[in-house]
Amino acid sequence: ARDISVDAAGNVYLADFGNDRIRKILGSTPSFSLAPGVLRFAATAGGPPVATQQVSVLSNITGLAWSAQASTESGGNWLAVSPASGLVPGTTSAAVDAASLPAGTYRGSILVSAPLATPPLLSVPVELTVQPAPPARLVVEPGSVTFEARSGVNPPSRTLKISNAGDGTVEWSATIELSSASNWLALSNASGSASASTPARIELSVNSAGLAPGVYAGAVRVVS
């Protein structure tokens, strides 16, 4: 047996006693919305990845099916969304890939389709601003190194990291400057190249043989 009722909004309710449930039939097509209304990303050419941003899919009913896709006006496929489908309420993440983009402003959109809703298609504009990469800048870490050695026993080697905090690749060379005539400090390599994503490393080693007890000072000069 079934009872039927209609509310003020025109929604129809069917009471299915045999299956112990009530079915609701909407009197009008549901609506849905997206939030936020616009996404803005900022990146540096050749720089690190940009954090994703969320788009929420909302509606006056739950369980409404939706699908999403990304489109761009220029610059290739730098915009992507995931997941590409779901049910309301839900979210999709927008991700941008600026790794191969030169400096400039790029525009695209996230299109979300809900065929059973009115309107069936909504979009969120996306703007990506790519700033020029900074000029090449040599960085050497750490700024100082200390060794402690016992007579006849050389201390473990230490590592210098050489990187480029700017654009492109930087060529570098390293030399040793010591305050004494004894050549107690050595480098594993004296030249190379480094970029922001691929740093170089120098192993510093000490030969304490023949050194009298005391404090010895030196420096590793790295230039590009």
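This is a predicted model: local features need pLDDT of at least 70, side-chain atom pairs count only at pLDDT 80 or more; totals for chains, interfaces and linings use all residues.

Reader: How many bridges do S11 and S12 pair over, and in which sense?

Author: S11 and S12 are joined by 10 bridges, and the pairing is antiparallel.

Reader: OK. Which strands form the open sheet with S11 and S12, and in what order?

Author: The order is S5-S12-S11-S7-S9, an open sheet of five strands with mixed pairing.

Reader: And which strands stand at the edges there?

Author: Those are S5 and strand S9 (85-87). Each has a single partner strand, so one of its sides has no neighbour in the sheet. From one strand to the next, the twist averages 25°.

Reader: Where do S4, S6, S8 and S10 go?

Author: They form an open sheet of four strands, ordered S4-S6-S10-S8, and the pairing is antiparallel. Strand S4 (32-35) and strand S8 (79-82) are at the edges with a single partner strand each, so each has one side left without a neighbour in the sheet. In this sheet the twist averages 25° from one strand to the next.

Reader: How many bridges join S6 to S10?

Author: Five bridges link strand S6 (residues 53-59) with strand S10 (residues 90-96), and the two run antiparallel. As one example of facing residues, Gln 53 is opposite Ala 94 in S10.

Reader: Change of topic. What is in the largest nonpolar core?

Author: It has 29 residues, and those that touch the most other members are Phe 32, Leu 39, Phe 41, Trp 78, Ile 110, Val 112 and Leu 128. At least two residues of this core come from each of S4, strand S5 (39-44), S6, strand S7 (65-72), S8, S10, strand S11 (104-113) and strand S12 (121-131).

Reader: Which one gives the largest share of this core?

Author: S12 does, with four residues.

Reader: What about pockets? How much space lies in the largest one?

Author: The largest pocket holds about 630 Å³. It is lined by 29 residues, of which Val 145, Phe 147, Trp 184, Val 206 and Tyr 216 are the closest to its centre.

Reader: Which strand gives the most to that lining?

Author: S19, with four residues. S18 and S19 each supply at least two residues of the lining of the largest pocket. By type, this lining divides into 19 nonpolar, eight polar and two charged residues.

Reader: And the second largest pocket, how much space lies in that?

Author: About 190 Å³. Its lining has 14 residues, and the closest to the centre are Gly 46, Gly 47, Gly 166, Asp 167 and Ala 196. The lining of the second largest pocket is made up of six nonpolar, seven polar and one charged.

Reader: Last one. Where does Val 215 lie?

Author: Val 215 is in the loop between strand S18 (200-206) and strand S19 (218-223).

Reader: Is Val 215 buried or exposed?

Author: Exposed, because its relative accessibility is 83% and the cut-off for exposed is over 50%.

Reader: And how far apart are Val 215 and Leu 111?

Author: From C-alpha to C-alpha they are 68 Å apart in space, and in sequence they are 104 residues apart.

How values were computed
Residues are numbered from 1 along each chain as its sequence is written. Side-chain values use heavy atoms; hydrogens and water are left out. Two strands pair if DSSP finds at least two bridges between them. Axes are lines fitted to C-alpha atoms, for helices over the stretch in contact, and angles run from 0 to 180 degrees between N-to-C directions. Buried means under 20% relative accessible area, exposed over 50%, partly exposed in between (1.4 Å probe, protein chains only). On a 1 Å grid over the protein atoms alone, a cavity is a set of points where a 1.4 Å probe fits but cannot get out, and a pocket is an open set with protein on both sides within 12 Å along at least five of seven lines; lining residues have an atom within 4 Å of a point. Grid points are joined across faces, edges and corners, and a volume is the space filled by probe spheres set on the points. Ala, Val, Leu, Ile, Met, Phe, Trp, Tyr, Cys and Pro count as nonpolar, Asp, Glu, Lys and Arg as charged, and the others, Gly among them, as polar. A nonpolar core is a set of buried Ala, Val, Leu, Ile, Met, Phe, Trp, Tyr and Cys residues joined through side-chain atoms within 4.5 Å.
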